[in-house]
Amino acid sequence: MTATAEAPGTTAPPEPAEPNRRRSTPLLLTAVLLAALALLALLSAGLGAYHIPLDDVLGSVRHRAGLGGHGLDRVGESVLWNVRLPRVVLALLVGASLGCAGALMQGVFGNPLAEPGVIGISAGAAAGAVGSIALGLSFFGNWTITFCAFTAGLVTVLAVYALSRSGGRTEVVTLILTGIAVNAFAGALIGLFIFFADSAQISQITFWQLGSLAQATWPKVLAVLPCALAGLAVAPLYARRLDLLALGERPARHLGVDVERLRVVLVLVVALLTAAAVAVAGVITFVGLLVPHLLRMAAGSGHRFLVPGSALGGAVVLMAGDLAARTVAAPAELPLGVLTALFGSPFFFWLLRRTRRTQGGWA
Amino acid sequence: MNALKSLFSARGPRELPVPPGPGHPALDARALSVWLGGRAVLDGVGLRVRTGEVVALVGPNGAGKSTLLAALAGDAAAVSGTVWIDGRPLADWPAPELALRRAVLPQQAALSFPFPVEEVVWMGRAPWAGTVREEEDDTVVAEAMAATGVAGFARRPFDALSGGERARVALARVLAQRAPVLLLDEPTAALDLRHQERVLRICRERARAGDAVVVVLHDLGLAAAYADRIAVLHEGRLAAEGPPREVLTEELVGRVYRQPVDVLAHPRTGTPVVVPRRDPRPGRDLRAVVLDRAVTEGT
């Protein structure tokens with residue numbers, strides 16, 4: 001500042017401060033998101049029909065970790081450790097998976113409207129999960145539903161990919177229309193499975209269609225943990241190559257990216273993450289659309305922040321959503337999927353209008 | 001973590017290209033044929049490009065210029081023929097190693113997400129990540145941006161730029177890649193007069209520095225002024241190839257473009273200038289115009 005004041009004649013713009021600011025935005029956002037996540041986790045653990053004060057939550061956690069603190073009474077301990085905390089962990093895993101899957105999918109398709117829910121991957125995975133319930137499959141024990149959701153999700157991703165691309169690119173209209181068709185087909189399959197299911201299975205299936213974390217248990221957390229962690233660990237390794245893919249397929253190849261391989265790996269990762277989320281929480285849409293988009297507006301399009309940042313942001317959004325779903329209409333509980341769709345759909349509509357404007361129409 | 005990274009990364013240890021002496025064949029295409037839609041778009045084309053030279057590909061629309069460039073880049077699959085680059089067939093190079101050896105400027109610059117200009121140019125350095133030449137990144141990017149004149153809007157988002165600005169950013173990215181073989185598909189198409197000259201001066205500089213440059217051009221004057229050799233494509237075949245003065249004859253250009261032309265020697269430099277042969281414009285001559293104006297102004 002002083003340098004420019006002393007030498008008004010020099011034409012050098014005072015810009016060097018700019019890149020620092022720009023590079024510090026992701027760091028700042030990460031810190032804010034982490035803080036929000038911690039706060040929401042503590043709130044979610046304490047709030048509910050059985051209120052547990054913040055001190056007691058922290059005390060019980062410290063007690064179990066062997067760091068002093070104190071245990072709660074039998075009911076409190078049970079509510080915290082068997083009901084609330086599995087739900088908190090599940091919200092974290094599902095939200096992170098959905099956010100990350102959205103960011104990856106948008107990168108692979110080169111299209112900001114791609115999202116597992118919108119283009120039918122979630123519905124496909126749900127069809128697999130519902131099918132495994134309706135047909136009473138149990139060949140992999142605890143992991144059967146996850147496995148079926150993954151397989152069906154993978155088939156759906158591949159189908160959407162094959163159907164919506166032409167000449168090396170994905171047009172918005174084709175992608176959305178393909179999503180409509182895939183959603184319709186998956187919906188029909190789910191309907192068919194419901195037709196064959198008995199009433200106990202039907203109530204279980206209904207839960208899938210609405211999307212909820214209400215049935216969170218530790219075994220469920222364990223059932224999705226490997227899928228979600230594997231996907232979340234692999235995704236950031238491909239961030240730089242996703243940046244290059246934004247240039248188009250050929251330019252990315254010219255810059256040394258093995259595009260085919262990149263695409264196969266990332267489609268697998270997206271299927272893995274979506275299946276993990278759908279298998280335990282049912283269809284929760286728009287998280288993967290909203291989170292990466294907001295982060296892109298705040299911190300730029302670079303995938304090195306966007307991919308892990310979307311995982312973090314997804315966890316925050318889902319934990320907040322679940323907290324709201326549990327507490328807004330207490331003692332009743334809103335389905336989480338309904339809540340995210342309620343807020344996500346108008347946003348999707350706005351995004352559609354905006355994309356249309358920047359492209360000057362769909363033709 | 002590093003072990004995990006290498007497991008999922010395509011980047012093994014790579015062989016860095018060694019700059020060969022001048023006049024060494026950097027890119028060698030032999031008997032290339034490419035079929036598209038049941039038709040031979042390229043039919044037995046051979047082209048050898050040496051280090052230190054600029055070769056211009058010219059020809060009428062649909063002659064196969066872009067297809068030849070795509071085949072040289074490894075994008076268009078040749079039904080027969082081989083492209084050799086740095087002593088090995090193109091198909092034998094893994095993508096990460098090929099990226100150290102040749103850079104390609106596509107005809108249209110597109111970007112799916114709004115990256116700032118600076119980051120787009122930085123993408124050109126991606127092939128060098130993890131090699132010793134990663135240290136040059138800062139200087140190379142700054143040079144590329146200065147050479148193409150995009151430093152002034154380095155922080156603007158790419159999608160807020162005009163067509164010509166985008167084209168220059170794309171060129172800066174390709175220059176930042178610092179590959180010894182440069183393949184440029186119509187780099188001057190969206191540019192004004194000054195930037196057209198600038199781009200071809202850059203081509204010349206890169207050739208002087210020891211690179212081999214292949215550039216698709218529409219403007220025969222530009223090709224004549226800046227290229228060491230011109231390859232004229234006509235209906236998928238090489239109609240002529242050689243120094244501009246030998247290739248750009250009235251007969252050949254007239255036949256290939258089906259447009260009669262006059263080829264003149266530039267009075268100062270002597271390079272050939274190609275002008276379409278035009279009939280004198282019908283209508284009033286200059287004297288009539290002057291007389292007309294005198295009458296209307298009442299003098």
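Good morning. In chain B, strand 1, residues 25-36, is joined to strand 2 by eight bridges, and the two strands run antiparallel. Please keep in mind that the model is predicted.

These two strands belong to an open sheet of four strands in chain B, ordered 2-1-4-5, with antiparallel pairing. At its edges lie strand 2, residues 39-50, and strand 5, residues 88-89, each of which pairs on one side only.

Helix 2 covers residues 65-73, and eight of its nine residues are buried, so that the helix is mostly covered. After helix 2 comes Gly74(B), which has a positive phi, near 90°.

The remainder of my talk concerns helix 6 of chain B.

How enclosed is helix 6? Of its 14 residues, 11 are buried, under 20% relative accessible area, and therefore the helix is largely enclosed by the rest of the structure. The buried set includes charged residues, namely Glu165(B), Arg168(B) and Arg173(B), as well as Val169(B), Leu171(B) and Val174(B).

What do these buried residues pack against? Within chain B, their partners are strand 6, helix 4, helix 5, strand 7 and helix 7. Chain A also takes part, through its helix 11, residues 249-254.

Let us look at one of these partners, helix 5 of chain B, in detail. Two packed helices are described by the angle between their axes and the distance between the axes. For helix 5 and helix 6 of chain B, the axes come within 9 Å and cross at roughly 145°. This crossing is right-handed. On the helix 5 side, the contact is made by Val140(B), Ala144(B) and Thr148(B). Helix 6 contributes Arg168(B), Leu171(B), Ala172(B), Leu175(B) and Ala176(B). By type, the residues of this contact divide into six nonpolar, one polar and one charged.

Finally, beyond the end of helix 6 of chain B, we find Arg178(B), whose phi is positive, near 50°. Thank you for your attention.

Notes
Residues numbered from 1 in each chain as written. Chains lettered and ligands numbered in written order. Predicted model: local features only at pLDDT ≥ 70, side-chain atom pairs only at ≥ 80, totals over all residues. Heavy atoms only, no water. Buried < 20%, exposed > 50% of the residue type's maximum accessible area, 1.4 Å probe, protein only. Contact = heavy atoms within 4.5 Å. Axes fitted to C-alpha atoms, helices over the stretch in contact; angles between N-to-C directions. Left-handed = near helix turned anticlockwise from the far one by under 90°. Pairing = 2+ DSSP bridges.
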